[in-house]
Amino acid sequence: MFNKALTGKKSAARVIAVVLAFCCILPLCSCSGGTSGETSGTNGSQSRKQVDIHKSIQEMLGFDIDDGFIDGAEISNDALASESYGKIKIQVKEGKEDELSNFLAEKLGRPQAVSSVDVPRYQEHQYANELRMMSYIRYFVTFKSGDSAKSIPINLYLATQNQVTFLYIFG
């Protein structure tokens, strides 16, 4: 009888161990096929963050930037400023730099070449600080109508660092 009770406990322990192992592995498997919080090209399904980035770009510029140009993106909302649309950092896909520059020039006009010291000092945030460390900066600007201000400048900077191109949008 003692052996039967001990064997029953061993099989129950095995079942519990298998169930626990399954519960630990299942969450890892479900994440492997999805996209990360950053944009990563066209996968058919967009994460919520990708949709937010595209919505913000559309709201700020009046047009969207296709995923074909985007290798990764981050958005930082400036909740303190009532007339702020936020800040976006986009890593441009390798080989798409000139095509994106031409696309922006069609929409916003020819860019102005600026140096890192030309980034306005009122732009004191993480993305502006990163931008000041980069080279070959092209600057675009457009304006949006505001509620308390007649117009709000939307600044776009296309810059290169270590052969990687980034598009910064500050609004």
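**A first walk through the chain**

Author: To begin with the surface, the chain exposes about 10800 Å², and carbon and sulfur atoms supply 54% of that. Keep in mind that this is a predicted model.

Reader: Ok. What share of the 171 residues is buried?
Author: Buried residues make up 35% of them.

Reader: And the secondary structure? How many helices and strands?
Author: There are 4 helices and 6 strands. Along the sequence they follow the pattern α-α-β-β-α-β-α-β-β-β.

Reader: What about contacts between residues 24 or more positions apart? What share do they take?
Author: They account for 54% of the contacts with a separation of 6 or more.

Reader: Which strands pair with strand 5?
Author: Strand 4, residues 135-145, runs antiparallel to strand 5, with 9 bridges joining them. Thr142, for one, has Ile154 in strand 5 as its bridge partner. Strand 6, residues 164-170, also runs antiparallel to strand 5, through 7 bridges. There, Tyr157 stands opposite Tyr168.

Reader: How many residues sit between strand 5 and strand 6?
Author: 2 residues, and the two strands form a hairpin. Asn162 in the turn has a positive phi of about 50°.

Reader: New topic. Which residues have the most contacts inside the largest nonpolar core?
Author: That core has 23 residues, and the ones with the most contacts inside it are Leu61, Ile65, Ile90, Leu104, Leu156, Leu167 and Ile169. The elements giving it two or more residues are helix 2 (48-61), strand 1 (70-76), strand 2 (87-92), helix 3 (97-108), strand 5 and strand 6.

Reader: Last one. Where does Glu130 lie?
Author: In helix 4, which spans residues 126-131.

Reader: And what does Glu130 touch?
Author: Lys89 and Tyr168, not counting residues up to four places away in sequence. Glu130 and Tyr168 are 38 residues apart along the chain, and 9.8 Å separates their C-alpha atoms.

Conventions: Residues are numbered from 1 along each chain as its sequence is written. This is a predicted model: local features need pLDDT of at least 70, side-chain atom pairs count only at pLDDT 80 or more; totals for chains, interfaces and linings use all residues. Side-chain values use heavy atoms; hydrogens and water are left out. Buried means under 20% relative accessible area, exposed over 50%, partly exposed in between (1.4 Å probe, protein chains only). Contact means heavy atoms within 4.5 Å. Accessible areas come from the Shrake-Rupley method with a 1.4 Å probe; for residues, only the protein chains shown count as cover. Two strands pair if DSSP finds at least two bridges between them. A nonpolar core is a set of buried Ala, Val, Leu, Ile, Met, Phe, Trp, Tyr and Cys residues joined through side-chain atoms within 4.5 Å.
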